[in-house]
Amino acid sequence: MKLNRISLLIVGVALAAFALGQGGPPRGGPGGPGGPGGPGGPGGRGMMGGPRIVMIPEVQTELKLTEAQKNSVREIMEKNRPPRGEGGGPGRGQGRGPGGPPGGGEGQGRELVEKIHKDLKAALTAGQFDRLLQLELQAEGPMAVTRPDIAEKLGLSESQIDQIRKVMEENRPPRPEPGSPPPSRESMDKHRKEVESKVLGVLTASQKSQWTQMKGAPFTFPAPQRRDG
């Protein structure tokens, strides 16, 4: 019973994190509209992460992918690309930038992520795949601790999950008034970092250390490109 309650709390926190990400700056994803990062493809800086970051050229360089592997990765992403109008798969948005989290519901999104991971694991070496998982966590940031698999690895308690949920609920960005300009990327980045700092503040010293190890060596993602108009 306690395990079921924790699972429900984690799902609630994940949905709150998704809502927080919706208030972020313009999304981006490699390839632009119609390419691997078209509608429903990789997202940008609001809430990032997911296996589709493997389509970013800088990430492919970090992973030292061969040309054959790049082709295999492209085929995997095209094969697992959600149909238009389904609100996104492992990532959202258009343009170019690190991918966002799964859309289309927490369960459905995780199933698609697991399927893509299975295909990528077969196409990459063990070292490349492990590094990709680290980069995914770096792209998502501390919000990744709301994922059920990460929360379980960190050993989050029911109380900690409750605290994180409150942080998410109390720090949702307000919806802009109709006709008003959207908030600047700088202000949204500042807000997100403040929330992420509060989320990390819930973790114990041991959990923070484990989280740092899970992310691996720091990597700098390219800034998403804004679309004109």
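I note first that axes are lines fitted to C-alpha atoms, for helices over the stretch in contact, and that angles run from 0 to 180 degrees between N-to-C directions.

**Ground rules.** I am working on a predicted model, where local features need pLDDT of at least 70, side-chain atom pairs count only at pLDDT 80 or more, and totals for chains, interfaces and linings use all residues. Residues are numbered from 1 along each chain as its sequence is written, and side-chain values use heavy atoms, with hydrogens and water left out.

**Overall.** I counted 9 helices and 0 strands in the protein. Helices (H or I, at least four residues) and strands (E, at least two) are DSSP runs, numbered from the N terminus. I looked up burial next: 51% of the 229 residues count as buried. Buried means under 20% relative accessible area, exposed over 50%, and partly exposed in between (1.4 Å probe, protein chains only). I then took contacts, meaning heavy atoms within 4.5 Å. Of those with a separation of 6 or more, 75% join residues 24 or more positions apart.

**Helix pair.** I checked α5 against helix α9 (residues 205-215): they pack at an angle of about 125°, with their axes 7 Å apart. That makes α5 oblique to α9. The scheme I used calls angles under 35 degrees roughly parallel, over 145 roughly antiparallel, 65 to 115 roughly perpendicular and the rest oblique. From α5, R131, Q134, L137 and Q138 take part; they meet W211, Q213, M214 and K215 in α9. I sorted the residues of this contact into 3 nonpolar, 3 polar and 2 charged. Here Ala, Val, Leu, Ile, Met, Phe, Trp, Tyr, Cys and Pro count as nonpolar, Asp, Glu, Lys and Arg as charged, and the others, Gly among them, as polar.

**Cores.** I define a nonpolar core as a set of buried Ala, Val, Leu, Ile, Met, Phe, Trp, Tyr and Cys residues joined through side-chain atoms within 4.5 Å. The largest one has 20 residues, and V54, V73, L120 and F221 have the most contacts inside it. The elements giving two or more residues to this core are α2 (57-63), α3 (67-79), α4 (106-123) and α5 (126-140). α5 gives the most, with 4 residues. I followed V73: leaving aside neighbours within four places in sequence, V73 is in contact with V54, M55, L65, L120 and L124. Apart from this core I found another, of 18 residues, among them I150, I161, V195 and V202.

**K64.** I found K64 in the loop between α2 and α3. Its phi is near 60°, a positive value in a residue other than glycine. K64 counts as exposed, because its relative accessibility is 66%.
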